[in-house]
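Keep the sequence open beside the view.

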Amino acid sequence: PDNNPRWDPFGEMSGLVGRVKNVAKGVGGAAKEFGRIVIHGNGINPDEIDDGGAEALLERISDGVLADDRRSAAHELRDLVQESRVAQFAIGVIGLPTLITSLAEERKDTELVHGVLEVLVNALTGGVAGADGGADTAVREGGEGAHLAHAGAANADAFVRNPMNLELALSLLDEEDFYVRYHTMQLLTALSATNPFEVQSAIMSNPTGVGRLMDNLTEREVIRNETLLLLISLTRGSEDLRKIVAFEGAFERCFNVIREEGAADGGIIVQDCLELCNNLLRGSPSNQSFFRESSFLHQLPEMLSLKVPSQAKGGPPLAPQKAANLLCALELVTMLVSSSDAGGPSKSAVVNVEGGDDVAAEIAARERAAKEQCRAANQAALAKAGMLDTLLAMCLGVEAVDSVPVRVFALRCLGDMVADSRQNQDLLFAAAVRVADVAGKGGYQTTERSEPALLACLRVALRGLDAAER
């Protein structure tokens, strides 16, 4: 510096002070600047930043002196995030630290926790463009804000990036307040839609994670329903989690709910329970054996029986939801008796056989044999429970269900029931169904008679009105 005649110590100090002032803007200012760059891009005057008003409300939540003001700010932010895509995106950019801190440090203020959880849920699921035009306008115009259309997924990524956030969310399930548990389940369900692996890992690494979810299946309806949706999402991609959930009592709780809701005559909750059971049983001989040995398999025929009469007997047409329930139940039965999963070689078997590994080939052969043995046991147990008669009644004769997809699925399921099973084939040979003969002028007089089941199948194959049934 002494050799530089132009060096000005006061000027350098002034520049240093300016830089310190910039740093002293704090986390909020830095976050806002980062949010401006992410949302609006460079080259925009900071005074013209439009975060939808989210930052001001976040400051009230974090720095508000009065508890009522913090709660009011949370409720206003909840509504704002639902209406504005810009505000929704701003939550993930600048809002998560404030909201997470409020959840961790203000747990006794249940009303504030309600509001914060609702903000997070809307930030992940809110998709309605507000008056600002939202992401829809940006996408149509191909502008810089097109990424706002994916604000929910971006916010979910930001949330799960810190595993402690998921631990905090799971701990909220222990709270006594009903709405805290309900909104927490909504949050976990929304996170699992885009980040299932992270949510699976958090639940499985938590000693009481699965147990908490199982307890929620006995909660009030809204919490129970959200828990079902979460479990359906998580059990699609984790074999280990499927085993844990099954042995934690999921089958028993699902079947209790199905009975309470009216079985096949019930609503969409019955379908959700059946979908969860399907996820747990799909490709899992251990879960299938547990299901069979716990006597749940013997309850399936009753579950497939409708309480309302068929249209042939004067009943109303089958409602779409009832048809969906029956299709889910038939899918469950098909998984238990179908050879498509049991007979095919596993991925590891194909790789190792081609590599010449005799040990791996032997292990794969044992796995296939175990699956075939499980399938044969399922076929025998279902036949003993009366499943053949139930399937015949659904797809043939006067009691046939008034839904072509259901009848077709029942026929295919019937074929899987008797495939490779001499005992079930003998039962089918001896079975009979009730059919109606139309007589009299105009065809108004009908008489019922018994007909062999195989003859009724042949009649459908030759004269069925729908090509799918034939």
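Is F178 buried or exposed? The model is predicted, and in it F178 has a relative accessible area of 11%. That is under 20%, so F178 counts as buried. Y182 is buried too, at 18%. Both residues lie in helix α10 (residues 178-194). They are four residues apart, about one turn of the helix. In an α-helix, residues three or four places apart point the same way, because there are 3.6 residues a turn. F178 also carries a charge over its ring: the charged end of R220 sits 3.8 Å from the ring centre.

Now turn to the aromatic rings. The whole structure holds nine aromatic pairs. F178 and Y182 form a stacked pair, because their ring centres are 6.3 Å apart and their planes meet at 5°. F255 and F296 are tilted instead, with centres 5.4 Å apart and planes at 45°. F255 lies in α15 and F296 in the loop between α17 and α18, so this pair ties together parts that are 41 residues apart in sequence. Both F255 and F296 are buried.

Next, look at helix α14 (residues 239-247). Its residues L241, R242, V245 and A246 are buried. They share one side of α14, because they cover an arc of only 135° around the axis. The buried residues of α14 pack against several helices, including α11, α13 and α16. Just after α14, G249 takes a positive phi of about 100°.

Finish at F429, in helix α25 (residues 422-430). F429 counts as exposed, at 52% relative accessibility. Its C-alpha atom is 6.7 Å from that of L454, which is 25 residues away along the chain.

How values were computed
Residues are numbered from 1 along each chain as its sequence is written. This is a predicted model: local features need pLDDT of at least 70, side-chain atom pairs count only at pLDDT 80 or more; totals for chains, interfaces and linings use all residues. Side-chain values use heavy atoms; hydrogens and water are left out. Buried means under 20% relative accessible area, exposed over 50%, partly exposed in between (1.4 Å probe, protein chains only). Helices (H or I, at least four residues) and strands (E, at least two) are DSSP runs, numbered from the N terminus. The arc is that of the directions from the helix axis to the C-beta atoms. Contact means heavy atoms within 4.5 Å. Rings of Phe, Tyr and Trp (its six-membered ring) pair if their centres lie within 6.5 Å; planes under 30 degrees apart count as stacked, over 60 as edge-to-face and the rest as tilted. A charge sits over a ring if NZ of Lys or CZ of Arg is within 6 Å of the ring centre and within 35 degrees of the ring normal.
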